[in-house]
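Here is a short briefing on one structure. Keep the sequence and the 3D view open as you read.

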Amino acid sequence: MADAVVKINNLVKRYGELIALDHFSLEIKEGEIFGLLGPNGSGKTTTINCLLSLLAFDKGEIEIFGRNMTPTAYDIKKEIGIIMQNVAVFEELTVYENVDYFCGLYITDKEQRKQYVEDAIKFVGLEDFRKFYPKKLSGGLLRRLNIACGIAHKPKLIILDEPTVAVDPQSRNKILEGIQELNKNGATVIYTSHYMEEVEQICTRIAIMDKGKKIAEGTKDELKRMIRNTETVNIEVLGLDDSIRNEISALEHVYDVQYDGEKLTVYCSGGKHNLIRILDVLQKHDTAFGRVYSELPTLNDVFLEITGTALRDKEE
Amino acid sequence: MFFHNFKYEILSTSRVKTFLFWLMVFPMILGTLFKMAFGDVYEKDVLFSSIPTAVVETSENAVFRQVIDSIEEADEPLLKVTYTDEETAKQMLKDGKAKGIIYVGEKLSLSVTEQKISQVVLKSFVEQYGINEKIIRDTAEKDPTKLQAVIEKLSEDVSACNEIPVTSGNTDVYTQYFYNLIAMVGMFGSVTGLHITVQNQANLSALGARKNCSPTPKSTGLFASLLGSYMMQSVCMLLCVTFIHFVLKIDFGKNLPLVYLSAIIGGILGVSIGFLFGSLNRFSIEVKTGITMAVSMLSCFLSGLMMGQIQGVITEHIPILNKINPATVITDSLFCLDMYSDRSHFISKILTMLAISVFCTAAGILVTRRKKYASL
């Protein structure tokens, strides 16, 4: 079994009356891409800031690489790469100088640093922008520069706090692929996001947070198994009799049916061939239907079932 | 690690265009405007110029003519004489075209309508001529070539008081405004000092937070940033003084090296004050910027940048303020160089600046050394 790279035990952080982290515990193992998923204000960034010893907390312990994390734990900090939610680069330095500056905070050997800086710039695909100042870069390229500054020193633990906010799809894909590559190269990754698709795509294990609490933890399959829903069937139907709706509701493995006048949504728990059995009912009653599609549960469904609120609704 | 931080501090600060404008370009513009506004005033009002004088000859006096010719040949002639008739002379006096009328007869007599410096000088001249007429007459008759030397020698006795300069510095009162300008550039350094805290404190900027995550000790980063800013500010101060002295031709007498020294320490003082204000924990960055700018400008105002007489008013009512107001201390250190040949006053001002700088820097470091923040 892999060693725990990060251990957070019973962490409590208060801002006056507000409890930002409520007895939050976590264990992240070596080689994982660990996702912290939750809506804005759920405590993800607060957790990261406490983890990095930037933020004072009221209670709890934090260990990284088996050692107690403190502001002066420079030997631990040396092994951590951090990509902040807000882009943290010098406006007055070029792309190359920025990466060199941050790499130089960790690597003192000039030759080694030069190589690392080149590697980082190449890794994020900014080779053609070496002499560009940040204000000349697009949002996506700026995020990539932010990442290059965070990973140039080849850290063992990389923390990415919402690195894809306001990023175009092309840059987002590049970033996500890059994170997976860093992980393949041996880095343990902590990835926070409120984009569940991203977390589903790259994370090997996920903790879902809400209101400063961890509400669920596991692999994406484990999380999905925690909830009742296993399949959601959507069918476009114009004019559906209540009797037909009731007949569908009575089908085995169907636990909820919703109809808004145009779209029939059927929630199933377990079972096979649910879609076929539902369509059979419609055909039996000569009911015309349009587009038909079936969805497997997402992390949003997990969040919805546990908290009663959709993750997306919270973002709005 | 220190030099890595130092190098990039210099590189990044030197590229902040707003700093370059306020610390280099703006003082040059303001200095040029000062020069345009005050440059001629000093030369016209304060420096000595020839006294326009009407001469009415009631009888011929060749010796007097010789004396006048001799005076007018000098590099800076005492008198600018117009020989005329009495009526015209009176009109010239009335119109202000002549400061006085010298009547040349057997004896000289003087007619003036005011009692100002020019008239006093004319009166002394006429009196001295009367006393020394025989000597002058003899010289003119025996060896006219020595006449100018004799007149110059006699002129030394025109005043009962000998002028003994107390300093080798510049006595131009308008130079004070350029000293205020140097102090202002020093105080603008407070913005650089504020910038240091913004870039090093996790609760003020993403960059500060990012730096705090690195294995570089905070003190190393802070000292590197401070030293870098001190150096940048010093360069700005040197440029300012150089521009004022060599381009605007403002004379600092023999004290130029000490003016440079005072300006550099003034710059360090400004950076240190900004660093302290930036370190105040309770305020947002906007409030800190506001406080820093307000204090800097108020300090400059109280030192006389906008109103030369303000320092005198403060000396009369709140003298302690002049002793601790940073801009006043910078200005006074420069002023001391002109006023006192004794350097003790200058040294005292320099020590005051250093003491305030050390206090601000130490207090700022103590506050900034906080390891964790309550909120970010």
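This is a predicted model. Chain B has an average pLDDT of 85, and 91% of its residues score at least 70. For the complex, the predictor reports an ipTM of 0.86 and a pTM of 0.77.

**Confidence along chain B**
- Helix α10 of chain B (residues 256–279) has the highest confidence in the chain, at 95.
- Helix α6 of chain B (residues 147–155) has the lowest, with a mean of 69.

**Domains of chain B**
- Chain B splits into two parts: domain 1 (2–42 + 172–368) and domain 2 (49–155).
- The C-alpha centres of domain 1 and domain 2 of chain B are 53 Å apart.

**Where chain B touches chain A**
- Chain A puts 26 residues into the contact, and chain B puts in 24 residues.
- On the chain B side, α1 (2–13) and α8 (206–212) are the elements that give two or more residues.
- The top contributor on that side is α8(B), with five residues.
- By class, the chain B side holds 14 nonpolar, six polar and four charged residues.

**A closer look at Lys254(B)**
- Lys254(B) sits in the loop between α9 (218–247) and α10 of chain B.
- Is Lys254(B) buried or exposed? Lys254(B) counts as exposed, because it has 12 C-beta neighbours inside 10 Å, and the cut-off for exposed is 12 or fewer.
- Lys254(B) and Leu337(B) are 83 residues apart in sequence. In space, their C-alpha atoms are 9.2 Å apart.

Terms used
Residues numbered from 1 in each chain as written. Chains lettered and ligands numbered in written order. Predicted model: local features only at pLDDT ≥ 70, side-chain atom pairs only at ≥ 80, totals over all residues. Contact = placed C-beta atoms within 7 Å. Helix = DSSP H or I, 4+ residues; strand = E, 2+ residues; numbered from the N terminus. Nonpolar A, V, L, I, M, F, W, Y, C, P; charged D, E, K, R; others polar. Domains from an automatic or database assignment. pLDDT = per-residue confidence, 0-100. Buried ≥ 20, exposed ≤ 12 C-beta atoms within 10 Å, placed from the backbone.
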